[in-house]
Amino acid sequence: TFAVSYLQRRGIHSDIIRRCMQLGLFYESRYNNEAVCVFVGRDDTGTGRFACVRGIAGNLKKDISGSDKRFSFCYPPDQPGSRHLAVFEAPIDALSHATLQKLEGWQWNGYRLSLGGTSHVALVAFLERHPEITRVALNARKIKTLLKSDQRFSKIRVSVNPPRSGKDYNEKLQRTLQAIREEKHASRQKQAAVSI
């Protein structure tokens with residue numbers, strides 16, 4: 001599909017795309033006659049409560065009318081029972097973070113929540129629904145201040161971890177994949193020279 005190809009072009013690992021589709025978190029649709037990616041946010045019963053569309057060819061970014069921002073897109077942990085949450089502005093960044101973990105072999109198991117921008121509504125609602133969360137990794141300092149000022153979340157350890165390179169996790173993923181391609185290319189050239 002166009003949507004799967006779009007995510008692959010953005011560097012998202014095929015296992016992660018497949019899992020999103022199996023969980024009903026992602027599908028392709030049409031909006032104003034244009035193919036779009038739809039990212040779905042579900043409540044604890046699995047009911048879709050939020051959806052946003054992202055243009056495949058253009059810059060379309062839109063929440064579907066009637067979406068409940070408190071249930072924004074969330075990529076779940078591999079194993080249940082996680083107490084960790086990483087927070088991103090967009091679904092693509094959440095999926096890029098999951099892909100980087102797969103590529104680089106990090107030992108991390110947690111939820112990846114997209115805020116659908118910089119609003120803290122989805123984060124506060126998620127933490128209210130998941131009192132077991134003890135650690136939150138953010139990309140934005142202003143949200144850390146908000147969490148620290150809310151007594152309900154005083155026991156949560158909050159860190160701010162923007163990507164070390166690039167403006168967001170998808171840009172970091174693109175750079176990582178480019179470095180891997182260059183390394184493979186150099187290795188093939190070296191082996192070709194040895195076999196001559």
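Two strands count as paired when DSSP finds at least two bridges between them. In this predicted model, β2 and β3 meet that condition, pairing in the antiparallel sense over seven bridges. Within this pairing, Val38 has Val53 of β3 as its bridge partner.

Strands β2 and β3 belong to an open sheet of four strands, arranged in the order β1-β2-β3-β4 with antiparallel pairing. At the edges of this sheet stand β1 and β4 (61–63); each has a single partner strand, so one side of each is left without a neighbour in the sheet. From one strand to the next, the twist averages 30°.

Aromatic rings were also examined. In general, a pair of aromatic rings is described by the distance of the centres and the angle of the planes. The count comes to four aromatic pairs. One of these is formed by Phe26 and Phe39. The ring centres of Phe26 and Phe39 are 5.5 Å apart and the planes stand at 40°, so the pair is tilted. Phe26 lies in strand β1 (residues 26–31) and Phe39 in strand β2 (residues 34–42), so the pair ties together parts that are 13 residues apart in sequence.

A further open sheet is formed by five strands in the order β5-β7-β6-β8-β9, and its pairing is mixed. Its edge strands are β5 (74–75) and β9 (157–160), each of which pairs on one side only. Strands β6 (residues 84–88) and β8 (residues 135–138) run parallel and are joined by three bridges. Leu85 stands opposite Val136 in β8.

Two helices lie across strands of the five-stranded sheet. Helix α3 (residues 91–104) lies across β5, β6 and β7 (111–114), and runs at about 155° to β7. Helix α4 (residues 121–129) lies across β5, β6, β7 and β8, with an angle of about 145° to β7.

Rolling a probe the size of a water molecule over the atoms shows where empty space is left. The largest pocket has a volume of about 650 Å³. It is lined by 33 residues, and the closest to its centre are Lys61, Glu89, Ala90, Asp93 and Asp168. At least two lining residues of the largest pocket come from each of β3 (48–55), β6, α3 and α6 (169–195). Helix α6 gives the most to this lining, with four residues. By class, the lining of the largest pocket consists of 16 nonpolar, nine polar and eight charged residues.

The second largest pocket holds about 490 Å³ of space. Of the 23 residues that line the second largest pocket, His97, Ala137, Ser159, Asn161 and Tyr169 lie nearest its centre. Elements β6, α3, β8, β9 and α6 each supply at least two residues of this lining. Strand β6 gives the most to the lining of the second largest pocket, with five residues. The lining of the second largest pocket divides into 13 nonpolar, five polar and five charged residues.

Definitions and conventions. Residues numbered from 1 in each chain as written. Predicted model: local features only at pLDDT ≥ 70, side-chain atom pairs only at ≥ 80, totals over all residues. Heavy atoms only, no water. Contact = heavy atoms within 4.5 Å. Axes fitted to C-alpha atoms, helices over the stretch in contact; angles between N-to-C directions. 1 Å grid on protein atoms, 1.4 Å probe; cavity = no way out; pocket = protein on both sides within 12 Å on 5 of 7 lines; lining within 4 Å. Points joined across faces, edges and corners; volume = space filled by probe spheres on them. Nonpolar A, V, L, I, M, F, W, Y, C, P; charged D, E, K, R; others polar. Phe/Tyr/Trp six-rings, centres within 6.5 Å; stacked < 30°, edge-to-face > 60°.
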